[in-house]
Amino acid sequence: MVVKADIEDGKQIDIRLLVTGVDEWNHDDVARKIELEDTDGATIELTVFHNNEIADFEWEVGRWYLLENAVGNEFRGEMQLNPGYDLSVTPLDDPPTAAGDDGPTDDESTVEKSSTSSAAADEGGFVRGTEVGDGPRPTADGGGELLHQQPLSEGNYLLHFELGELRELTVHEYELRATGSGGIDPDDFTNGVEGFTAKAANYYQSRIGSPVTTADASRRRIYATEKLHETISVHGYTIKSVHKGETTLEARSYTNEGPLQEFVKQDVKRAVAGRFEVSGIDSIIEPTPQRTANSGLFEAYRKYKCRIRVDADGTVILGVNVAYHLESTFSAAEWVERGHEIAGVNVEHDTDLYDSARTATVKEIIDMDYDDVLDGPGVPMSEYHEKHVEQEVINSMRAGDPTIADLQYGSDEDSIFPQLLEYCKVIPTFDQLGRVDETFLNVIHNESRMKPEERFNVVTSFVDLLGPTPYFNFDPVPQPTNAGYREHKTPNIPNLRFGDGNTGFYGRGGLETKGYGVYKTPESFDIIALYPADEEDASHRYVLSLLNKLADYDASPTAFDEETYELGSEFHYSQSAQNASEYDAALIVVPDEDEAAAADYDDPYPEFKRRLGQLGVPSQMISVDNLGNDNYCGNICSSLVGKAGGVPWRIDDIPGDVDAFVGLDVTYDHATKQHLGAAANVIMADGTILASEAVTKQAGETFDEDDVANVIKHVLEIFAEEEGRPPRHVVIHRDGKFYLDVENLISRLDKARDLIQQFDLVEIRKSGNPRIAEYDESNSRFDLADKGVAFHVHNGEHSYLTTTGGKEGSPGTPRPLQIVKRHGSTDLDTLAEQTYWLSEAHVGSLSRSTRLPITTYYADKCADFAMNGYLTKGSVIRGVPYI
C-alpha cells in the first residue's frame, strides 16, 4: 500500500487517503487545504488552489479517496501534496484493507497523550501540545433545533435577533449635587463633569439593581427607571440626586435612542450575570473552557459580543458575535521565570487568589520588597493586600522573593501602581500563544473560523439562554431576523474592464481565463531584477517565468536588466538600490524573514524598500522560499504593472454621478488620544488610482481637521491638474470613524462649493458588524452569502455589506463592512454598490477581493509605508508602490 513515505518531491503519485479536515483559506491563490491521513495514520496536507480543476470539489470528512496524479511537494522539510494538472479524485466506498481497526481506541490514545503531557509539565517547561483534548462544553449548542422550530424563508439573514419591543419608557430625571459648598472639581474625574456624571450613574445602577444612565452629562443629569432615595459617595464626594420630574423617552426620537439602548444593555448584562463572566455586553465569557491545551497551560473560552439597537418603531434588535477568549493557567511571575518578556504584556488579577477582577498592562519590573511602604495608601504592600488576598497567601509571598512590577490600570499616568505578578495571570495574545504552543493556536484558529451553520447555531443557543430579562422581561425569539433593515444586492455583472474594452468578473478571469490582457500598460516599463549572489540561478529562472507571464498579459517590459548583490551590510544594499534609480520598477529577491532574523547579515528587505522608495522606484519583493512557486506569479505581475503606473483592470461602470473618491486613513492611538499619521488618495470613478499622499507626526504632536483638510486639498489639486477642472462630486471614505469635529470639517468644505459642488463623508467600519449568511431552505442550513449583499437600516444612515464570500471560499463566515453615511445626498444603495466595486478594484489580487474598498485599503497601506520610511512623506505619490 502506498503511504506518505513513498511521496517524492516533484513526482506524481497515486495514493489512497482519509480526509480528516478541510481548512478554508482567505488567500489570493489558495482555496483550501485538505488534511489527510495515509493507511499508517501519517498526516499529509493537500493544497488546493483557485485555478485547480478540483477547486470546488466537495470533500467529505471521514471518507477515503483515491488521488491519482497528485504531485509531491517538500515544504520546510515536510512532505505535502499539490494537485497535478491532471489530478483525479475518486471517493472510495470502503477503507483500504491496510486501514483497519488495529490501532488503539480513542480512549487509549487520549490517556497516553495526556500522561505524556503531564510528565513534561512536571519537568517544569512549557509543553507544546500535539493535540487538544475535548473539554466540557458549557453551552447546549442546541441552536440548530431552535433555528428550525419555525420555518425560515429562503434568503439572506443578518445574525440579528428580536429581543422585544420598547416604543416608549417613562423615566425619572435627576440632577446630581454634591453636598457642601465647594461643589465638584472636574479635574478629579477623567473627562471632567461628563466623567463624573457617568460614574455616578453607574454607581446608582449597580446599587439599586435597575437601569440608570446619563441624560445630559454636561449638566449632571441622569435618567433612572426607578426612584432614587439615597445618597452615594463618589471619589470622596457625597452625591445627592434631586428629582426634576418624569420624562417619556420615545424610540422614534433620535435623541432618546441612546438612553433607551443603554437601559437595554444594562438589562441584558443582568440577564447573563452569574451564569457568565461579564464585564460588559461586548465581553460575555462562558465560565468553563471550550478547549484546553494538552499542556494545561492555556484555555479558550467562548466569548459573546452583543450589540443593541432600538429601531424607530420600538423593535429592540440584538446582534451577537462569538469568538474565543484566551486565558493562561499560570501566573505572570512564571512567565518571567521562563525567560519571556513581560513589559507591554496584558495581565489580569487571578481571581482564585485576588478578590478584585481587573486587567492591566505591565510597564516594567521594579526593585521593590513586599513589605515596602506604598506611596498612596502609606502602608506596606503586604498590609494593603490584606483586604484583597487571603492571609496564608500573603504569608507565603513574604517568605519568598515575589516579582513586583508597575502595572498600568488605565490610560493615564496616574493609573500606574505596583503589583505582585504572582497575583496576576497573563492574558495571552495570539502572537504570544504562537511562540509557546503553536499547535493549540492552530486549533483555536481553525475552530474560530465557524462556518455559517455552526455560527448561527451557537449564537442562537446563546440567545435562547438570555430571556426573560430581569427588568424589561424581554424573551428573545431564537431565530435570526432582518427586522429594521432592507436587503439590497449589487448586480452580479462582468463589471471589470480589461484590454481592448473586454469585461470580466474578476482579475484572474480576465487576465488568465479569458486572456484579455491588461487595461493599460505603463508608459515606460524598464525593470531591473536584483538577486542574492548565492540564489542567482533559481532567481533568474523564476524571474524569466514572470517575464513570460507579463507577455501573456500584453505587458512586456520595455527593457530588462538583472544584477546580483551580496548579503551583508545595509550599506551595501543601499548602494545596490542606488543602481536601480533609472528604472521604472525593481524586482528584488530577498531571504525569508525568519531566516534573515536569525542570520548574521542585515535583512535586505527594509533597506531596499526604504532606499528605493526615496528614489521613487516601486519595488516588488520575492522571498527566496517562493522561488519556483508559480501560484504567486499572477499577483506579482499584476502588482508590478500597477506599481509602474499601468492599470491591470478598472471598473467598467460605477453607480452614481461621482467624479472621484478620496480614501482617508488617520492612525489614531486610543491610549494617548493622539493622531499619529494620515494618508489620502484620489481614485477616479473607474477605480484607477490617480495619486496618494502620506504625512506623519512626531511624538507628542497631534492631528486635527486642519491636517485632514490640507491632505484633501492636495489630492484634489492633483485631480484638477489632471482633468483641467475641479471635481463636481467627491465621495470621501474614512477608514473607521472620523475622530475629529465632523461638523467643522463639513463647514469648511461647504465654503469651497465652487471647487467641490457636492461631497459625501462615509465611514468604512471593519469590526463588530453582524455576520450575514444565506439560508438554504431545501437543506435547512445556512451557507455563505454571495458577495455584494447589503442590508440598509430603515431609520438611519448605515448599511452592512458583504464584499467577500460566495465562490471565493473564504474561511468561516465572511465579515461584512459597515458603511456609515455622515454627510451627503447619495443614497445607501449607491454608496454600498460603489464600496463593493471598489473592493474588486485591487490590482494586487487576481482571484480575491480585498474586503475593503481600495480607497481605505490603499490609504492604510500608504500610511504604513510612510510610517516605516518606505515613502517620502508629504510628497505626491503616483501609482501604487505600497501594495
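Guide: What follows is a set of questions and answers on strands, salt bridges and surface charge in this predicted model.

Visitor: Which residue of S40 is the bridge partner of His792?

Guide: Strand S39 covers residues 789-793 and pairs with S40 in the antiparallel sense, over three bridges. A hairpin of four residues joins S39 to S40. Within this pairing, the bridge partner of His792 in S40 is Ser799.

Visitor: Which residue in S41 does Ser799 stand opposite?

Guide: S40 also pairs with strand S41, residues 817-823. That pairing is antiparallel too and runs over four bridges. In S41, the residue opposite Ser799 is Ile819.

Visitor: Are the side chains on the two faces of S40 buried or exposed?

Guide: In a regular strand the side chains alternate between the two faces of the sheet. In S40, residues 798-801, one side carries His798 and Tyr800, while the other carries Ser799 and Leu801. Both faces are covered, and these four residues are all buried.

Visitor: Why does Glu173 count as buried?

Guide: The cut-off for buried is under 20% relative accessible area. Glu173 counts as buried because its relative accessibility is 15%.

Visitor: Is Arg252 buried or exposed?

Guide: Arg252 meets Glu250 in a salt bridge, at 3.2 Å from N to O. Glu250 has 25% relative accessibility and counts as partly exposed. A residue is exposed when its relative accessible area is over 50%. Arg252 has 65%, so Arg252 is exposed.

Visitor: Which strand holds Lys425, the salt-bridge partner of Glu327?

Guide: The closest N and O atoms of Glu327 and Lys425 are 3.7 Å apart. Glu327 lies in strand S18 (residues 315-328), and the pair ties together parts 98 residues apart in sequence. Both Glu327 and Lys425 are buried. The strand that holds Lys425, residues 424-426, is S23.

Visitor: Which helix contains Glu595?

Guide: Glu595 belongs to a negative surface patch, whose other members include Asp534 and Asp625. Glu595 is partly exposed, at 46% relative accessible area. The helix in which Glu595 is found covers residues 593-598 and is H14.

Conventions: Residues are numbered from 1 along each chain as its sequence is written. This is a predicted model: local features need pLDDT of at least 70, side-chain atom pairs count only at pLDDT 80 or more; totals for chains, interfaces and linings use all residues. Side-chain values use heavy atoms; hydrogens and water are left out. Buried means under 20% relative accessible area, exposed over 50%, partly exposed in between (1.4 Å probe, protein chains only). Two strands pair if DSSP finds at least two bridges between them. Patches are made of residues with over 30% relative accessible area and no salt bridge: like charges are joined within 9 Å, nonpolar side chains (Val, Leu, Ile, Met, Phe, Trp, Tyr) within 5 Å. Accessible areas come from the Shrake-Rupley method with a 1.4 Å probe; for residues, only the protein chains shown count as cover. A salt bridge is a side-chain nitrogen of Lys or Arg within 4 Å of a carboxyl oxygen of Asp or Glu. Lys and Arg count as positive and Asp and Glu as negative; His and the chain ends are not counted. The place of a charge is taken as NZ of Lys, CZ of Arg, CG of Asp or CD of Glu.
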